[in-house]
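User: I'm new to this one and would like to learn how to read it. Could you walk me through a few features?

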Amino acid sequence: MMKTITVLPGDGIGPEVTASAVRVLKSIFSTSNRNVQFIEKKIGGAAIDAYGTPLPQETIDQCHHSDAILLGAVGGPKWNQQSMQLRPEQGLLGIRKAMGLFANLRPVEAFQALVDASPLKQSFVEQVDFVIVRELTGGLYFGRPSERLGPNQDRVVDTLAYSRQEIQRVVEKAFQLALKRRRKITSIDKANVLESSRMWREVVNETAKRYPEVAVTHQLVDSAAMQLITNPSQFDVLVTENMFGDILSDEASVLTGSLGMMPSASLRADKVGLYEPAHGSAPDIAGQGKANPLATILSAALLLRYSLDMDTEAAQIETAVRQILNQGIHTSDLHVANHEDQIVSTSEMTDHVIHAINANRT
Ligand SMILES: NC(=O)c1ccc[n+]([C@@H]2O[C@H](COP(=O)([O-])OP(=O)(O)OC[C@H]3O[C@@H](n4cnc5c(N)ncnc54)[C@H](O)[C@@H]3O)[C@@H](O)[C@H]2O)c1
Ligand SMILES: CC(C)[C@H](C(=O)O)[C@@H](O)C(=O)O
Ligand SMILES: [Mg+2]
């Protein structure tokens, strides 16, 4: 049966990195007898320019008729003066909400080739292998009211709201994931201050009773931010609310060597998912062929694994990435401890990945 992948390149380096991931996917589909069509739509600033809105109905409709969505990034200085409703970022929050993608998985792995050159090089860094499960469609980023108040508009309110059910479904995803990994969950909250965090903790403890084989600990977010750097090998699955997960995942990307190395999968109860790098549109390097495409290529691997049941091919991408880094080949955002190291462009890196996948298959 024909599968449909909708591609939303977005802004800045978004079109460059999605083009790379699409090339890798097409190369894989061409040799695995899969009938897959790619349909491109606009989102973010590109959609504002073309249609006057960051999330056109046409884009939402197309996503609803897809097996998976591959997204680049949105935003950039060109749209910084827009009103809140017309910010490119609203397109991103909007599509996640419209598709009901409540669980955002951000895997963090320290690649050996990059660890050796890292200023964080210590034995613990070599064992970094955890996944952040970030709640994606609730909390502060979606709370209402969110507005300026008062006669002079000099008071502001943002609302942090969660229902028990919204917490339950993402916590359940985290426990399910832990069963397939090292069976450890760290739940991160601010239960010493926030009521929402106290309910979060309750739900985690209730769920834990149904998963006696999973070890559960709780950490406060401020201390967790410190421990991510000082003792990251303790983590297996971290589960946390939307804003904490947003901030902690960028922090954790440092352990991988670059924000350009961190993929993500936004999931719901069925197999439909949205896959995107954790990084943004990187306006400072857009259009220069400097963007690291690996976060998006690794997101494409997650797409194969979670939406198309192609575990073997997903692992082929991940192996190819590891091999290329071990050979000292990298984009300019990375540092590799190999005297023969070679800095390559976005498209050259993509060529290397495709070549390595094909070489491993023959
Ligand atoms: N998912 C998304 O679409 C998303 C995520 C974060 C930020 N944003 C938006 O992107 C715009 C820029 O935000 P920012 O500068 O704070 O964050 P950013 O992630 O775009 O960039 C931060 C730094 O990391 C570098 N970087 C990011 N991705 C890279 C890659 N693949 N290869 C090499 N270097 C890379 C950039 O050059 C920059 O120096 C803003 O409008 C922001 O709202 C979008
Ligand atoms: C651009 C922004 C809305 C987005 C988020 O906070 O979810 C980004 O930071 C991310 O991490 O994907
Ligand atoms: Mg973010």
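This is a predicted model: local features need pLDDT of at least 70, side-chain atom pairs count only at pLDDT 80 or more; totals for chains, interfaces and linings use all residues.

User: Is L92 buried or exposed, and why?

Analyst: The idea is to count neighbours: 20 or more other C-beta atoms within 10 Å makes a residue buried. L92 has 23 C-beta neighbours inside 10 Å, so L92 counts as buried.

User: Which residues is L92 in contact with, leaving aside its neighbours within four places in sequence?

Analyst: Those are G44 and V74. V321, on the other hand, is 229 residues from L92 in sequence and 27 Å away in space, C-alpha to C-alpha.

User: How do I read the faces of a helix?

Analyst: An α-helix has 3.6 residues a turn, so residues three or four places apart point the same way. Now try helix α8 (residues 221-230), where the buried residues are V221, A224 and L228. Looking down the axis of α8, these fall within an arc of 45°, so they line one face of the helix.

User: Which exposed residues are on the face of α8 turned away from its buried side?

Analyst: That face carries D222, S223, M226 and T230.

User: And what covers the buried residues of α8?

Analyst: The cover includes β8 (184-189), β9 (215-220) and α9 (242-256).

User: How many residues surround ligand 1?

Analyst: There are 22, and the closest are G75, G260, H279, G280 and N292. Sorting a shell by class is a handy next step: around ligand 1 you get eleven nonpolar, seven polar and four charged residues.

Methods. Residues are numbered from 1 along each chain as its sequence is written. Chains are lettered from A and ligands numbered from 1 in the order in which they are written. A residue is buried if 20 or more other C-beta atoms lie within 10 Å of its own, exposed if 12 or fewer, and partly exposed in between; C-beta atoms are placed from the backbone. Helices (H or I, at least four residues) and strands (E, at least two) are DSSP runs, numbered from the N terminus. The arc is that of the directions from the helix axis to the C-beta atoms. Two residues are in contact if their C-beta atoms, placed from the backbone, lie within 7 Å. A residue is near a molecule or strand if its C-beta atom, placed from the backbone, lies within 6 Å of it. Ala, Val, Leu, Ile, Met, Phe, Trp, Tyr, Cys and Pro count as nonpolar, Asp, Glu, Lys and Arg as charged, and the others, Gly among them, as polar.
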